[in-house]
Amino acid sequence: MIPGSTQIFGPPGCGKTETLMRLIEDRLNNGVSPHRITFVSFSRKSIQEAKDRAMERFGLDAKALPHFRTLHSTGFVALGLSYGDVLSGPDYRALGKMLGEEFNMNVRPEDGVLLPTDLKRGSKYIQIIDRARYRMIPLEQEWKDHDTHDISLFKAKQIADQIVEYKTKLGKVDYVDMIELYVKTVEVAPTTVLIVDEAQDLTPLQWEMVKKMAEFAEEVWLAGDDDQAIHRWTGVDVKQFINMSPSRIVLDQSYRLPKKIFDVGERIVKRIKDRVPKYYRPTSEEGRVTWHYDLESVPLDRGSWTIMGRTNAIVMDMAAEVQRMGYYYSVKGSPPISAAQARAIQTWRELCNGAKVDLHLIKELYDLVPKQGDKAVVRRGAVRLLESVSPDDTLSLTQLEQEFGMIPQGDLLGRPDAFEVLNLGNDMRLYLNHIEASGEDITKPPRIKLSTFHAMKGGEDDNCIVNLATTKTCAESRFPDDEHRAFYVGVTRARKELHLVDTNRRYNYPL
């Protein structure tokens, strides 16, 4: 427990961030310097939202808010580290070669979380090692707790020891070190206000860091919602958040959830056993909840949509179905073609229409088109010719062909389309042609988004689809509250309409 602290419980859409902004505004109005306000979270998304709101609301720039940081960033700065001091993807690949394992890890510096880019055994070793450290327990205990029979405890210890030796030899740290070393070595600067957002998702080690920071703070606020604690897999124990403060405030009005969607959420949340009971009200709107057996019957042809699933595999299956149905979409913010490809498509079309285009867009086009073979669009090394051009200049297609290494592509009546120039492939060309024929603009963010519940946490949309499919591992977990919390997060993202898709999979969440 943190003596003197106060918890703010924010059910879905109840304005938790707005409440924290009002708290900060009050302190600023009473003469507290922005430099004496510390706002931390495990999540970069949470910090960025808070920082953006504070800068806009209080007329501050980023430099005026130096202590709005993730916990890992706070440790990084306090320890005086540079990016070269931190283990990266190449380091893990080098370690993998030394140990005969493949560590394909996606390092997320914003959250200090290592995510495997595959399901290979090597990546699982890193996860179990890090999770034991975040939980502050022996590796043997972590191995037993997660019933990890597909990996060797002996090998896990060997890898853990080798990582320590590798870091020591090169003078590097990993993301868990940033928290451990902060707790052990950093002299904490005093602060007036300490705010911890998304506190329900802190691991035991991160709580030790917060406790140390709290010792040097005049007031401490812990904001979160235990019903939305969906990160047990990183080592989180939500009971710590529940029992961390002697004082509680529950925000009791949702500004997002209409009545019918609120009722679905309540059916789920009441199944959670380890929780703090919270009574809050929906909006005055009725909202709409509709059941489906597949995506075909959902009116995806209009409006803004977010489609959610329990796992990445389920989301990718739905993405394939959305593409088959002929809709433009993104998965966790990434559409079928990149933003750079979309700009290049627009650039080529403008050039073909006789327009002059900015140099930086020309360079981007050059980077993306083929440079050798029958489909070559520019000659190899042609991009260097553009270095002689002033950054403010614009160029035409004729200039590019005559002076800057672009290979003439047909004639004015028969130039290849942008999809062919970018060598996107026949299937993708057919798909994008269909998208544009239906009136969608592929140069703008898609109105249909797909996401896991975890990635959508903190977000909302007018219309949401929740696929009720799950997996055997999730359905038969020793921690059933995790499954309830995950689906609670999913259904409570919708502002107007919630569409529930029942499936013919063997495992489905019962509603």
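**View 1. Glu-198 and the residues it touches.** Not counting residues up to four places away in sequence, Glu-198 touches Lys-16, Ser-41, Phe-42, Ser-46, Ala-223 and Lys-457 (contact means heavy atoms within 4.5 Å). With Lys-16 there's also a side-chain polar contact of 3.3 Å; that term covers a pair of N or O atoms within 3.5 Å, where within protein one must be able to donate a hydrogen and the other to accept it, and residues adjacent in sequence count only if both atoms are side-chain atoms. Glu-198 sits in the loop between strand E6 (191–196) and helix H9 (204–214); helices (H or I, at least four residues) and strands (E, at least two) are DSSP runs, numbered from the N terminus. At a relative accessible area of 16%, Glu-198 is buried, meaning under 20% (1.4 Å probe, protein chains only).

This is a predicted model: local features need pLDDT of at least 70, side-chain atom pairs count only at pLDDT 80 or more, and totals for chains, interfaces and linings use all residues. Numbering runs from 1 along each chain as its sequence is written, and side-chain values use heavy atoms, with hydrogens and water left out.

**View 2. Ala-217 in strand E7 (residues 217–224).** Ala-217 is buried, with a relative accessible area of 16%. Leaving aside neighbours within four places in sequence, Ala-217 is in contact with Thr-191, Thr-192 and Leu-194. Val-193 is 24 residues away along the chain, yet its C-alpha atom is 6.0 Å from that of Ala-217.

**View 3. The open sheet.** Its 6 strands pair in parallel, in the order E3-E2-E6-E7-E1-E8; pairing takes at least two DSSP bridges. At the edges, strand E3 (68–70) and strand E8 (247–250) each pair on one side only.

Notes. Buried means under 20% relative accessible area, exposed over 50%, partly exposed in between (1.4 Å probe, protein chains only).
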